[in-house]
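Have the viewer open as you read.

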Amino acid sequence: MKYVGRPIPRFEDDVILSGRAQYVDDIVLPGMLYAGFVRSPYAHARVLRVDLSDAAKQKGVVAVFGPEEMGFAPGGKVRYQGEAVAMVVAGDRYLLYDALEKVVVDYEPLPAVLDVFEALRPGAPLVDENLGTNIAHEEVYEGGDVDSAMREAEVKIEERLTIQRVVPAAMEPRGVVAAYDGDMLTIWSSTQVPFDIRKEVAKALDIPLVKVRAVQPFVGGAFGSKLIVYPEEIWVSKAAYLLKRPVKWVATRSEDFKTTTHGRALILDYRVGATRDGRILAIEGTVYADAGAYYWGEGLADTAARMLPGPYDIRNGRVKAVAVLTNKTPLSAYRGAGRPEATFFIERIMDRLADELGIDRVEIRERNLIRQLPYTNVFGITYDTGDYLTTFKQGLERLGYSQLKQWAEEEFKRGRVVGVGFSVYVEITTFGYETAILRAERDGTFTLYTALTPHGQGLATALAQIVAEELDVPIESVKVVWGDTALISDGIGTMGSRSITAGGSAAILAARRLKEELLKAARKVLGCDPEYSGGKFSCGGKSATVKDVVRAVYRGEAEAQLTVEAIYHADSTFPFGVHLAVVELDPETGFVKPMLYKSYDDVGVVVNPLLASGQITGGALQGIAQALYEEVVYDESGNLITSNLAFYYVPTAAEAPKYEVYFAESPHRSKHPTGTKGIGEAATIASTPAVIAAVEDAVRRIKPGVRINKTPVTPEFLWRLLR
């Protein structure tokens, strides 16, 4: 039965849209307690004293925990506003917040460092004195002969490109519930990594791994912000373990903004050497990451540096990746995690070079695009399959780029300021292993247990499609279960656009192994060598259904493993595409309205076009938000000004453009069983540079030669730019 490639509506939607889905805050257990945290009002301060005595006496308070018990404020100081210094546990949420106000903390404020380049100056305040520097990580990536290529270059350009810090702003704030029954410690968390939580909690509490169970209920969005194990998950688990009662903590929106990792916040200083006909000979520079108070965003600057060449044939490169500590919320992965930044950087570089040389922006890309794949870029990353030049040309034609550019010119003559821009991207997806368990049930149906951790993608539907097609059975007979470490051995989870490629391939392997087991049993039942089709085994004029075979195994008439496990190890894959944006600019206010967003992607096999299109439209709006609206702002003392949705501008449906989503007619398969390449982050990677190019195109109709080298381009910024 053919299911892969069909736009099947999500199975998950009924329970979610009807309000029956259970999220962390919906969990209510007998004897439930509530945890709350006393958080630093300072971005940088020594913690001199924490007095919990008054709080402990408050009505409803069951326990109080200071730095000694929980390890709050490591090193005796807080490094960012919102860092926890104490925890109170009470039987009532309202009484809890009253008690939190009774905790007395004496601080010695310290100078805060909030700018990357200020943090690098000699004598700057140290975020971590043990390091003796604010550089948390530094790595140089190099290939070819940069110095010789630069000497040969006929044209050199250099510039600083800046990407702002953003809040992932998932609809559901972080939360965790933990319960200990004297034998098993169970943790429910709004997370992407229940297996990591299980391991870290067992380690922190020094209890056997088999005594810890982590459950991921329904999760209201994450975008990478829930793929680390947060301190609160450890602290709440420890409180439940010590008190032997269930404990719940759910962040307020402001608390979430201050304590959940932020994203982006990368800067590139670069120099490029090229020929006069636009061929890039060399690129060098430094990628700086504003890492925040702790180095949790490991590898973001490195990923951006290594993917900086993008889909272009650049043979000589030298880029340093530097992660710098500042007194801000720690930085970590946010949808794309280094690849959106790399794409913004290289696409702005291509546009700048085209402008400098007077070459059309389409033409300069055609001259530099990689011609033959597989291809190993200058920093050692091997792109797998594709035809970038052909896909680029097909994409621009399918998206109607030339016609839209002409239309924009005509609209300007009529008094409207419209801009059209595009971007080209290649991204790296998929890594590591993934696990799947598939069981044949007595009634002929199948249960798939996956270690993937969906949080809005519709993965259960896509996995059911894959398994149903592999088993050649109706999709209604496949049930997908996720998010429980008690049901499957281990896994990495949902991140990095890896789920269907890695987890789906594991599911396919499990389905193939189960078919082999069932064939073995069917051979015994039928007394001949059967063929399998449509859920039925047939040979010699006899037949048996899956249900018949399974029941025969249970009756002892045949032998087979009815539950099989597969662990799949996945190499990286590399989607490629071109995205286009159309915007309208109001010169009087600087306000930009996204009008149209069009995409053309080669992501290998598209398992479910409906789900894939949803990933494109949602991801594109996040990239549009980065380009136009969202920005984390701190004051000079390190106070978070954009501390909730009243001050931080997340776009709504009213700001969304019209979308047109297309996929390559002849996709280049990956080598994985699914043939997929990943879709979840593609639009977030491609959209920001496309929108910035469109805004720049609009601005130049009024003020030629203007160059935009930062995000976001707010109305205030554009109003000043146009004056």
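Is Arg361 buried or exposed? Arg361 is buried, at a relative accessible area of 15% (buried is under 20%, exposed over 50%, partly exposed in between, with a 1.4 Å probe and protein chains only).

A word on the basis: this is a predicted model, where local features need pLDDT of at least 70, side-chain atom pairs count only at pLDDT 80 or more, and totals for chains, interfaces and linings use all residues. Residues are numbered from 1 along each chain as its sequence is written, and side-chain values use heavy atoms, leaving out hydrogens and water.

Arg361 sits in helix H12, residues 361–368 (helices are DSSP runs of H or I, at least four residues, and strands are E runs of at least two, numbered from the N terminus). Ile228, for its part, is in the loop between strand S12 (212–215) and helix H8 (231–243).

| Residue | Relative accessible area | Contacts beyond four places in sequence |
|---|---|---|
| Arg361 | 15% | Arg348, Asp351, Ala354, Asp355, Phe422, Ala693, Glu696, Arg700 |
| Ile228 | 16% | Val193, Glu233, Thr261, Trp296, Ser332 |

Contact here means heavy atoms within 4.5 Å.
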